[in-house]
Amino acid sequence: MAVSSFVIAVDGPAASGKGTIATRLGAMFGLPVLDTGLLYRAVGVLTERAGADLDDPDAAGAIAGMLSAEQLDDPALRTRAAGELASRVAIHHKVREALLEFQHVFAAQPDGAVLDGRDIGTVICPEAPAKLYVTATPEVRAERRWKQLKGQGEDVAYADVLADIRKRDARDGGRDAAPMVRAPDAELLDTTEMTIEQAADAARRIVEAARARWKASQEAD
Ligand code: C5P
């Protein structure tokens, strides 16, 4: 059976370019975009601010259950520290379950939506008509993230950012709950050697082809 709304799932590791690609795809196809990393970042930051234990699934799960859209605008969520907090709370099944509905409601918008994260094509929207898995080498990703953090005024060494990236890749890919993994039907987009323009263009071509297949399946129904 054909899926009725056009969801684009963009997964991949930190600083692979998936966020920028998701934003560009949203503009190209006229769809709203959800950066699902912000949800986990918010849970991590709010859990820490509450003085609760980040490693306690019940504490972090309760905070995830009370999360609202307005809490995603906080600039503190964009920091390096927030990425680390996010990855710690993201291992908890209770946190992931509490964030499911928010993501499903967003994905169910009539024309469709773009969601970027780690488990969109595997767990959140396994039926998405378009799936991309965006990646790049850890060194290239660390350089991108380092430049971005410097631009935000964070004084951090490249070697520390690379160590963060490797640690997060290992934790996100090795966890039991919705590990970061390429869905079998996701198109691999390796952006290591690409500018953001080239990556966005390659993503557009992948999604256009997926949309043509999806439209044909709608008409056949
Ligand atoms: O994408 P971003 O770097 O903002 O994600 C922060 C962390 O949130 C990731 O390292 C990962 O642990 C977690 N995350 C996740 N599932 C998602 C999005 C993010 O587990 N769909």
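Ala, Val, Leu, Ile, Met, Phe, Trp, Tyr, Cys and Pro are counted here as nonpolar, Asp, Glu, Lys and Arg as charged, and the others, Gly among them, as polar. On this basis, the shell around the ligand in this predicted model divides into three nonpolar, four polar and eight charged residues.

The shell comprises 15 residues. Arg41, Arg96, Arg168, Asp172 and Arg175 are the closest to the ligand. Three helices each supply at least two shell residues: H2 (37-49), H4 (80-89) and H8 (158-174). Helix H2 gives the largest share, with three residues. The ligand takes up the space of the largest pocket.

For lysine 18, the distance is 3.4 Å. For arginine 96, it is 2.8 Å. Arginine 168 places a polar side-chain atom 2.7 Å from a ligand oxygen. The ligand taken alone exposes 460 Å², and the protein buries 97% of that area.

Aromatic pairing was examined next. The structure holds two aromatic pairs. One of them joins phenylalanine 6 and tryptophan 214, with ring centres 5.0 Å apart. Their planes meet at 45 degrees, so the pair is tilted. Planes under 30 degrees apart would count as stacked, and those over 60 as edge-to-face. This pair links distant parts of the chain. Phenylalanine 6 belongs to strand S1 (residues 6-11), whereas tryptophan 214 belongs to helix H9 (residues 196-220). The two residues are 208 residues apart.

Key. Residues are numbered from 1 along each chain as its sequence is written. This is a predicted model: local features need pLDDT of at least 70, side-chain atom pairs count only at pLDDT 80 or more; totals for chains, interfaces and linings use all residues. Side-chain values use heavy atoms; hydrogens and water are left out. A residue is near a molecule or strand if one of its heavy atoms lies within 4 Å of it. A polar contact is a pair of N or O atoms within 3.5 Å; within protein, one must be able to donate a hydrogen and the other to accept it, and residues adjacent in sequence count only if both atoms are side-chain atoms. Accessible areas come from the Shrake-Rupley method with a 1.4 Å probe; for residues, only the protein chains shown count as cover. On a 1 Å grid over the protein atoms alone, a cavity is a set of points where a 1.4 Å probe fits but cannot get out, and a pocket is an open set with protein on both sides within 12 Å along at least five of seven lines; lining residues have an atom within 4 Å of a point. A molecule sits in a cavity or pocket if more than half of its atoms lie within 2 Å of its grid points. Helices (H or I, at least four residues) and strands (E, at least two) are DSSP runs, numbered from the N terminus. Rings of Phe, Tyr and Trp (its six-membered ring) pair if their centres lie within 6.5 Å; planes under 30 degrees apart count as stacked, over 60 as edge-to-face and the rest as tilted.
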